[in-house]
Number of protein chains: 2
Amino acid sequence: MEKFDSVLFFTIEKLIKVYRKFAHEQIKKNGYDITIDQWLVLRCLQENKILSQSQVAEMLFKDVASITRIIELLVKKKYLERKIDSIDRRKFELSITSDGVKVIENVYPIVQNYRKKALEGLTKNDINNIKIDLEKIINNCK
Amino acid sequence: MEKFDSVLFFTIEKLIKVYRKFAHEQIKKNGYDITIDQWLVLRCLQENKILSQSQVAEMLFKDVASITRIIELLVKKKYLERKIDSIDRRKFELSITSDGVKVIENVYPIVQNYRKKALEGLTKNDINNIKIDLEKIINNCK
DNA sequence: GCATTATATTTGATATATCAATTATATTTG
DNA sequence: CAAATATAATTGATATATCAAATATAATGC
């Protein structure tokens with residue numbers, strides 16, 4: 001049997017764990033109380049403006065149930081507001097509050113910084129090649 | 001701002017999700033009731049024989065608390081046995097049961113199969129290069 | 001227009017991750 | 001040896017993931 005820790009997927013899992021911890025630590029250290037997943041949801045809404053929760057889920061490759069709960073927390077933190085959609089009452093109109101905008105603006109430099117640190121020693125080209133290969137694997141898993 | 005979904009780490013997160021789902025589906029489809037993480041713990045113990053729970057945690061890059069709970073489930077499923085260590089009574093002697101051995105033997109071909117499918121179109125060399133780059137990133141995050 | 005079907009979201013159950021606090025036992029050290 | 005410290009594992013709290021069931025509303029088809 002191939003050793004479990006020599007398998008590519010093990011390396012990838014390891015990377016994600018180390019990176020998430022690294023990322024969250026920097027955010028906390030700078031005094032912000034937001035998780036990586038909450039950050040992603042905020043950024044996704046910021047880029048796309050009008051999205052239903054299920055669309056957010058789809059874009060972030062998350063379950064709609066997870067999105068419900070993450071959004072609940074973001075609303076509790078007052079970074080997000082939810083109004084029932086006037087046209088389709090099953091949906092919600094999600095909007096980032098001014099507090100939410102502030103958090104994004106303040107946290108973004110931190111994110112840029114740790115991303116840069118994490119990628120030190122890799123060229124744009126290296127990164128692109130990895131992405132291409134990983135996308136291949138993603139397609140194989142469908 | 002860089003689009004959130006063009007960032008390497010987003011691709012990696014996406015890959016892990018798609019791959020985990022893909023993997024777990026094949027295992028379930030073949031009638032086995034074991035999660036990816038439980039599988040990893042079993043394989044880790046199989047390869048290393050004598051490990052404490054905290055050593056398992058370290059090798060799998062997991063928290064000791066997670067390991068406690070995963071092992072609980074493996075014991076409940078009778079794939080693992082736990083006896084108090086005769087020398088150091090804080091520890092446990094973990095051993096894979098014969099049911100556990102059977103599961104590993106039966107699930108392993110399934111794992112090989114989906115790994116192979118997932119990696120279709122990539123050469124050994126491609127895979128190695130990715131690993132090397134990812135290890136670089138892992139080190140940057142420490 | 002009403003029944004059927006589809007879609008959006010929520011909720012509950014279970015698994016895992018992370019952090020902090022707790023418990024039990026070992027080790028160190030004064 | 002007793003007190004202080006270190007280590008192993010557990011437990012509780014909270015966040016997230018996944019699946020299934022439930023609820024509410026919309027769309028469709030006869």
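Which residues are the closest to DNA strand C? In this predicted model, 25 residues surround DNA strand C, and the closest are Ala65(A), Thr68(A), Ala65(B), Ser66(B) and Arg89(B). The points below take each DNA strand in turn and then the contact between chain A and chain B.

**Surface near DNA strand C**
- Chain A contributes through helix H1 (8-29), helix H3 (53-60) and helix H4 (64-76), and chain B through helix H2 (36-48) and helix H4 (64-76), each of these helices supplying at least two residues.
- H4(B) gives the most to this surface, with 5 residues.
- By class, the residues near DNA strand C comprise 12 charged, 7 polar and 6 nonpolar.

**Surface near DNA strand D**
- DNA strand D has 25 residues around it, of which Ala65(A), Ser66(A), Gln53(B), Ala65(B) and Thr68(B) come nearest.
- Here at least two residues each come from helix H2 (36-48) and H4 of chain A, and likewise from helix H1 (8-29), helix H3 (53-60) and H4 of chain B.
- H4(A) provides the largest share of the surface near DNA strand D, namely 5 residues.
- The residues of this surface divide into 12 charged, 7 polar and 6 nonpolar.

**Contact between the chains**
- In the pairing of the two protein chains, 41 residues of chain B are in contact with 41 residues of chain A.
- On the side of chain B that touches chain A, H1, H2, helix H5 (98-118) and helix H6 (124-140) of chain B each supply at least two residues, and the largest share, 12 residues, comes from H1(B).
- That side of chain B has 24 nonpolar, 14 charged and 3 polar residues.

Technical notes
Residues are numbered from 1 along each chain as its sequence is written. Chains are lettered from A and ligands numbered from 1 in the order in which they are written. This is a predicted model: local features need pLDDT of at least 70, side-chain atom pairs count only at pLDDT 80 or more; totals for chains, interfaces and linings use all residues. A residue is near a molecule or strand if its C-beta atom, placed from the backbone, lies within 6 Å of it. Helices (H or I, at least four residues) and strands (E, at least two) are DSSP runs, numbered from the N terminus. Ala, Val, Leu, Ile, Met, Phe, Trp, Tyr, Cys and Pro count as nonpolar, Asp, Glu, Lys and Arg as charged, and the others, Gly among them, as polar. Two residues are in contact if their C-beta atoms, placed from the backbone, lie within 7 Å.
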